[in-house]
Amino acid sequence: MASRSEILSLFRSLYRTARQFPDYNVREYIKRRTADGFRLNRDAPDAAAVFADGKAQLEVAKRQAVVYSLYAPKVRSIMELKP
């Protein structure tokens, strides 16, 4: 079973990886999905399997961040513009 510090580290790593996505919509989706996933699995009976799945999702997100950075949009989203 994973300790509290390992779980928090996984959460922070997923959030950090989400910030690497150049596309606003994908970045916010990953953040929302991370928070929802942790909230949903807070009281999961098989915490070790959920933690292993989270680690696998982190690796997928890291690979996808690299791919998305190669094909980043030339123009920023309207949501990212400062008023």
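Helices (H or I, at least four residues) and strands (E, at least two) are taken as DSSP runs and numbered from the N terminus. The structure is a predicted model, in which local features need pLDDT of at least 70 and side-chain atom pairs count only at pLDDT 80 or more, whereas totals for chains, interfaces and linings use all residues. Residues are numbered from 1 along each chain as its sequence is written, and side-chain values use heavy atoms, with hydrogens and water left out.

The secondary structure of the protein chain consists of three helices and zero strands, and the pattern read along the sequence is α-α-α. The C-alpha trace spans about 45 × 25 × 15 Å along its principal axes. Of the 83 residues, 23% count as buried (under 20% relative accessible area, with exposed meaning over 50% and partly exposed in between; 1.4 Å probe, protein chains only). The chain exposes about 6,500 Å², of which carbon and sulfur atoms supply 56%; accessible areas come from the Shrake-Rupley method with a 1.4 Å probe, and for residues only the protein chains shown count as cover. Among contacts (heavy atoms within 4.5 Å) with a separation of 6 or more, 69% are between residues 24 or more positions apart.

Helix 3 comprises 24 residues (residues 47–70), and at 1.5 Å a residue it should span 34 Å, which agrees with the 35 Å between its end C-alpha atoms. The expected span is 1.5 Å times one less than the number of residues. Phe 51, Gly 54, Leu 58, Ala 61 and Ala 65 are buried in helix 3, and the cover of the buried residues of this helix includes helix 1 (4–19). Leu 70, also found in helix 3, is exposed, with a relative accessible area of 62%. Leu 70 forms a nonpolar surface patch with Val 66, Val 67, Tyr 68 and Tyr 71, with about 540 Å² of accessible area together. Patches are made of residues with over 30% relative accessible area and no salt bridge, like charges being joined within 9 Å and nonpolar side chains (Val, Leu, Ile, Met, Phe, Trp, Tyr) within 5 Å.

Helix 2 (residues 24–40) contains Thr 34, which is buried because its relative accessible area is 6%. A polar atom of the Thr 34 side chain lies 2.8 Å from the backbone oxygen of Ile 30. Not counting residues up to four places away in sequence, Thr 34 touches Phe 11, Leu 14 and Tyr 15. Arg 27 also lies in helix 2 and is buried, at a relative accessible area of 13%. With the exclusion of residues up to four places away in sequence, Arg 27 touches Ala 18, Arg 19, Phe 21, Pro 22 and Glu 80.

The structure holds two salt bridges (a side-chain nitrogen of Lys or Arg within 4 Å of a carboxyl oxygen of Asp or Glu). Glu 28 is paired with Lys 31, the closest N and O atoms being 3.6 Å apart; both residues lie in helix 2, three residues apart, about one turn of the helix. Glu 28 is partly exposed, at 26% relative accessibility. The second pairing joins the side chains of Asp 36 and Arg 39 at 2.9 Å, N to O, and these residues likewise lie in helix 2, three residues apart. Asp 36 is partly exposed at 38% relative accessibility, as is Arg 39 at 48%. An α-helix has 3.6 residues a turn, so residues three or four places apart point the same way.

Definitions and conventions
Polar contact = N/O pair within 3.5 Å; in protein donor to acceptor, adjacent residues only side chain to side chain.
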